[in-house]
Amino acid sequence: MGRSSKDRRDVYYRLAKEQGWRARSAFKLLQLDTQFDLFSGVKKVVDLCAAPGSWSQVLQRKLKPQEDEDVKVVAVDLQAMAPLDGIIQMQGDITKESTATAIVDHFEGEKADLVICDGAPDVTGLHDIDEYVQAQLLLAALNITTHVLKPGGTFVAKACEMKRTTALGETDVVVPAHAPSQPSSSSSSAQQQQQQQQDEADDVEAVQEELNVVSL
Ligand SMILES: C[S@@+](CC[C@H](N)C(=O)[O-])C[C@H]1O[C@@H](n2cnc3c(N)ncnc32)[C@H](O)[C@@H]1O
C-alpha cells in the first residue's frame with residue numbers, strides 16, 4: 001500500500017526536526033531547487049511570508065548572507081520570527097502598501113534575483129473566502145515582485161489550485177517559465193492543505209518552544 005499524505009508529512013516532520021529546519025516546508029524549497037536550480041548565481045532574495053523561517057534557513061545555508069556581504073536576503077511575515085544570522089527581517093502584512101513600500105525601500109534601488117512566497121492565510125473553512133484571501137496574498141506577492149525583481153529573475157510562490165490562480169497564470173504580468181510543480185513534501189487538496197496548516201502551526205509552536213520564543 002502506498003504512503004498516505006499523513007505518513008509523508010510525518011516523515012518530513014521528523015526529518016525537519018533531525019536536520020534542524022524550523023518547519024518541514026524547507027523540503028519544498030529544497031525540492032524545487034533540485035528541480036529548477038533556483039539558487040545558481042543568486043545574490044539578492046525576498047522571502048515573503050517567511051515565518052517561522054525554514055525557507056530563510058534554506059537561503060541562509062545555500063547563499064550564506066552571514067558570510068558574503070554581496071548577498072542580501074529580506075524576510076517578511078505578519079508574525080515575528082526568531083532571528084537568523086545574515087537574514088534581514090521585517091514584520092508586516094504583505095497586502096498592505098506600507099509593507100510593500102518598506103520591502104522595496106530595503107532594496108534601495110537594487111533588484112532581487114529571486115522572490116519566494118510561501119504565504120498561507122488563516123483558513124476559515126469557508127472555501128470561497130479562503131480561496132479569495134489566498135488569491136489576494138498571491139497578488140500582493142506578485143505586486144511586490146513587480147517592483148523588486150530584476151528582469152529575468154525568478155518568482156516562486158505557493159498557489160492552491162483555484163479559478164483565480166489559473167486566471168493569474170494567464171495574465172501578461174506573469175510569464176510562466178515553468179509548469180506548476182508540486183513537491184512531494186507538499187499536500188494537494190484544500191482539506192489536506194487545511195490539515196497541513198494545522199500541522200505547520202504545530203511546527204511553529206514546537207519551534208517556538210525550542211527557541212524560547214514568545215508569540216506576540
Ligand atoms: C506556511 S507559513 C510559511 C512557512 C515559511 N515559508 C517557512 O518555511 O517557515 C505561511 C506564513 O504566511 C504568513 N502570512 C499570511 N498572510 C500574510 C500576510 N498578509 N503578510 C505577511 N505574512 C503573511 C503567516 O503569518 C505564516 O507565517
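Which residues are closest to the ligand? In this predicted model, local features need pLDDT of at least 70 and side-chain atom pairs count only at pLDDT 80 or more, while totals for chains, interfaces and linings use all residues. Numbering starts from 1 along each chain as its sequence is written. The ligand is surrounded by 23 residues, and the closest are Ser25, Cys49, Ala51, Ser54 and Asp118; being near here requires a C-beta atom, placed from the backbone, within 6 Å. Helix 2 (25-36) and helix 3 are the elements that give two or more residues to this shell. Sorted by class, the shell has 12 nonpolar, six polar and five charged residues. Nonpolar covers Ala, Val, Leu, Ile, Met, Phe, Trp, Tyr, Cys and Pro, charged covers Asp, Glu, Lys and Arg, and the others, Gly among them, count as polar.

As for the fold, there is an open sheet of five strands, ordered 3-2-1-4-5 with parallel pairing. Strands are DSSP runs of E with at least two residues, helices are runs of H or I with at least four, both numbered from the N terminus, and two strands pair if DSSP finds at least two bridges between them. Strand 3 and strand 5 (149-157) sit at the edges with a single partner strand each, so one side of each lacks a neighbour in the sheet.

Strand 1 (residues 44-48) has five of its five residues buried, meaning 20 or more other C-beta atoms lie within 10 Å of a residue's own, with C-beta atoms placed from the backbone. Lys44, Val46 and Leu48 point one way from this strand, and Val45 and Asp47 the other. Five bridges join strand 1 to strand 2 (residues 72-77) in parallel, with Lys44 partnered by Lys72. Strand 4 in turn is joined to strand 5 by five bridges, and Cys117 has Ala157 as its bridge partner.

Back to helix 3: eight of its 10 residues are buried, so the rest of the structure largely encloses it. Ser54, Trp55 and Leu63 are among the buried ones. Their cover includes helix 2, strand 1, strand 2, strand 3 (87-91) and strand 4, with contact taken as C-beta atoms, placed from the backbone, within 7 Å. Just after the helix, Lys64 takes a positive phi of about 55 degrees.

Notes. Buried ≥ 20, exposed ≤ 12 C-beta atoms within 10 Å, placed from the backbone. Contact = placed C-beta atoms within 7 Å.
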